[in-house]
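Morning, everyone. Please look at the model on the screen while I talk.

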Amino acid sequence: MNKKFLNLGLQPLANKYLTKKEKLSNFKEDFYRLEVCFNTKNKLVSLYKKINVKKMFNNNYPYKSSLSLTMLKSFKELSTMIKKKFKPKLFLEIGSNDGALVQNFNKNKVICVEPCSNLAKITKKKGYLTFDKYWNFKLAKKIKSKFKTVNIVYSANTLTHIENLNDVFKSITHILSKNGVLIIEDPSLLECLKKISYDQFYNEHIYLFSAIAVKNIINKFKLEIFDIQVLDTHGGSLRYFIKRTSNKSILINKSVKKQIKKEINFGLNNFSTYKKFAQKVKKSRNKLNNILKKVKKNKNIIIGYGATAKATTILNYCGIDNDTIDFFLDTTPGKVNKFMPGKNIKILPYNKKIIDRTNYMFLGAWNFKKEIFIKESKFISNGGKFITHVPIPKII
Ligand code: DWN
């Protein structure tokens, strides 16, 4: 049974940045009620209403993983480990984006799957075999008919975006070799609840995984988690290493029990934990609005740093418009000179000179805080302040 616990109001598509032309022609944005629920049976947290994937992932998807040094470093380290530990003959990535990970692998050992054709084009151009298709059983059958099986299936920040998880895992087990390994990584529900980072919820993030829920879901596909790595990326993620239960050559690492115990102790099995979280979200909104109001009262300009999908949730839930945040800066070509979804806030290209003339920046990309604080050390040493809402709204 799905029980709702959080209502983030009406929200636009998180990655649908409006062009100037659309703004001028009064383009009517679609808004959807964003409610989050908890499944009392399998303990999975998901959005109550799911949006058609074709509206979200198409030939114009702006997000590129390789624009962050943090992600490039994380993918490089992972690929070294995979090569050393698993020596894959054939590696399949579901949601290969612009190739930030696969670029570390030999071209003839990789299969990319990426439904956003603008991104698929990039890996194709680099010489990687790429299917610009949604991951499903039909595609798995097609790939199997050509390549038989795959030793490693990897997917980061993608499986949480696909509604039919039964089809996802059925398709993976169809193609994975007998002793093959599935590696998935996604933001951690536990970290989201601990950090009150409710902006992890937007229409693309249909699910927010916990180890408990992943274990429950994959069980019926005769798969089991044998190791879990705790990562700093994307506000705190978990990397799950999964094998067939029939494969006894790999032992189950202590990390699995440890993570599940942490989640149980925090209360991820209990609906009351989520109700409490929802109360904290309301408090977080009020506190952030108070801080922004105070800063704005003194006629300060506030720049949004990083026009993230997450920031769309914050702006629309907290009712923040361009009378509060004057504009955003972002390094993504597909976002610049457009407007934040649902709000009249322009996104300008990243510009150091603009930052030098500013006192306050709202950290839209709070998950890259470390990387950004290094990059903006001059702004900080000149007395510039960041405003963040994670884990509690404050000025840093
Ligand atoms: O799951 C998803 C994650 C992985 O990526 C997708 N559904 C959509 C997207 O979510 P997001 O937009 O919240 O992700 P990021 O990675 O937090 O976005 C960072 C944004 O900030 C990018 O637009 C790039 C920008 N940025 C910047 O302008 N300067 C980032 C850094 C590090 C910088 O220095």
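I'll cover a sheet, then a ligand site.

This is a predicted model, where local features need pLDDT of at least 70, side-chain atom pairs count only at pLDDT 80 or more, and totals for chains, interfaces and linings use all residues. Residues are numbered from 1 along each chain as its sequence is written, and side-chain values use heavy atoms, with hydrogens and water left out.

Sheet first. It is open and has 6 strands, in the order β14-β13-β12-β15-β16-β17, with mixed pairing. Strands are DSSP runs of E, at least two residues; helices are runs of H or I, at least four; both are numbered from the N terminus. Pairing takes at least two DSSP bridges. β16 (residues 385-388) runs antiparallel to β17, joined by 2 bridges. T388 stands opposite K394 in β17.

Next, polar contacts: here, pairs of N or O atoms within 3.5 Å. An N or O atom in the K310 side chain is 2.6 Å from a ligand oxygen. For the Y202 side chain, an N or O atom is 3.1 Å from a ligand nitrogen. T331 uses a backbone N or O atom, 3.0 Å from a ligand oxygen.

Key: Polar contact = N/O pair within 3.5 Å; in protein donor to acceptor, adjacent residues only side chain to side chain.
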